[in-house]
Amino acid sequence: NEVNNVVLPSANQTVTQKGSLTLNATGVSILPLINGNFMLDPAPSGTSSNTIYTYEKRSGTTLSGVDLADTSKPWTNLSLTSGLITNAGTTKIVLSKYLRLSSMGNYGGNSREIIYNVPIGWAKGTEFKKINPGPNTFTKADNADPDNFFTTGTLGSLTIKSNALDIVSTSSPAWYSGISAALINFNWGTTATNLGQAWLDTQGLLTYDIQVKVQDSPKVDGKYAIGILTKSNGVVVNGSNDLNCYGISFMRAQRQGFIIVWSQALDKIPDDIKPDGCCGSGGIWQQSAPSFGTQYSQPAIVLWQRVNGTFDWIAYKLITYASGNQNYIINSSNQLSVNWPTLMIRMVEGYPLTFSNGNNDGTGRHIKEGDTITGATSGAKGRVNGTPIVSSGGWTSANATGTFSLANVSGAFQSNENLKIDGQGATVYARTSGTLGTGKYNYMRVYYADTTSHGTANAIQTDNIRLANPLGSANWPPDDATDASSANDFFTLAQWTEVNTGLASASLMTSTIEPSAIIRSNALTSPSWTSTSTGFEVTETVSLNAFGANIANFSFDDFAVQLDLKSGSGFLPPIQQ
């Protein structure tokens, strides 16, 4: 862990752009006399927690010429609060890292020392880097609040117990009565996986991977829907009395026979996230309700949404136990396995660009996630932020056709222009078959795993042969599906049993590389971005969530996030002292 030097303001004060900041004398000598960088904790209203400030000169306890290190961003006056360092409201001035270089010159019996102050770490590069700080293993004392989660805005009660995040009790929210719910929201602003900064870096798009392990103990007759919420408005955290989100859940529901009715009164799971099938199928029930008594659904992974006060299921994958064809998530009683199965969602938000004539070059290179592509005629550029969705043909046969999801777009792609990869010379790797779509889409892929390995790992993402994802760890599938190998075969990619064709906002994408696995939706997209955006426009979060009559038997563990951020370690030009 890094330890940073901290000084305090001498009094409550407001600092204007290029103005002065007066400090308490204690520890002030650690600040360089010129060209220093610092952050503020807590961040003043209207600023981001990772905003870097600079000053021109320190005279005694006064910093003069205070400004943003990134002067392309709009300035907000700083309202600083003095007090004891232990007080929650006291503003801490946190010194950024810097180098002091000294050069001594001698000539003709005279000598002169020249000192250079070189601040490190604020300058944003242009390359993206995957940020993955590792899982939150909830290793705190029992009954403690988890790190990096909000303690307000929850549903039910969740606390740490036996090194896991335990659901203690549930509640029935005012916006949807008759269910039992538990929910806790991720406070990404306190972590390296900062969604606001990622949205800024990608020019208004949010792409991230989320995973968590779940456990039910003791086991009872399973009635649960437990997993992850994405694109979540955080319910109460952001001042809303309702919920907007996508949800991905392990689910086993229950319904009543005689008169076929949904059994919300029995299983306490919202009715409309239980897939009842379409096109004549039985959904997760797979058969008619019995004449009398109750019926359990087949266990499934369900992708669902709540938008503008309405729940809908989007897609489901049956994960029923079958001898000789186990998925290792469900046991022989069709209940959730005891070995902490992992549920993961990959959320890619981007602008669609359709293509044809996708091919490999002489070395087998083709367009992948992370590549920046350029239109040979228009000069337009865009960064591919997810595995290209090949709907027909293939790279090796030079006839791949499909869709790119793009971020960081500049210029206007033309229809039927050749596409090159930055840094790969003049080679043509594909051809546009249209112009860039004007609307954002979320491209969702869901994965599952468990804590033990099964068979000999391979490069097939959709089978149930895979490596272990043990407790205390958070492994990830490859960023691009074509890089799948036995070394990164930690997950099974869910192939949907059925998709809700009656939901206009979501559809299944055809993919030869990831068949029956990619859902595209425009129901919940991130805010619009401009060059003056600050990151505070992003109010969504990620949540851990459960519905059901017996979810107080469940716990979460190894919650982990990974996302792309621009590489941030760099050097400002040194200033001579």
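I started at T374, which is found in strand β25, residues 372-375; strands here are DSSP runs of E, at least two residues, numbered from the N terminus. The model is predicted, with local features needing pLDDT of at least 70 and side-chain atom pairs pLDDT 80 or more, while totals for chains, interfaces and linings use all residues. Residues are numbered from 1 along each chain as its sequence is written, and side-chain values use heavy atoms, with hydrogens and water left out.

I looked up the accessibility of T374: at 9% relative accessibility the residue counts as buried (under 20% relative accessible area, 1.4 Å probe, protein chains only). I found a polar contact of 3.0 Å between the side chains of T374 and K381 (a pair of N or O atoms within 3.5 Å, one able to donate a hydrogen and the other to accept it).

Next I traced an open sheet of 7 strands, ordered β15-β36-β17-β18-β22-β23-β33, with antiparallel pairing (pairing needs at least two DSSP bridges). β15 (181-185) and β33 (498-499) are at the edges with a single partner strand each, so one side of each has no neighbour in the sheet. I noted 7 bridges between β18 (residues 245-252) and β22 (residues 300-307); C245 stands opposite R306 in β22.

Last, I checked the nonpolar cores (buried Ala, Val, Leu, Ile, Met, Phe, Trp, Tyr and Cys joined through side-chain atoms within 4.5 Å). The largest has 59 residues, and F250 and F559 touch the most other members. Strand β37 (residues 554-566) gives this core its largest share, 6 residues. A second, separate core of 23 residues includes L243, A253, W313 and Y316.

Note on methods. Helices (H or I, at least four residues) and strands (E, at least two) are DSSP runs, numbered from the N terminus. Buried means under 20% relative accessible area, exposed over 50%, partly exposed in between (1.4 Å probe, protein chains only).
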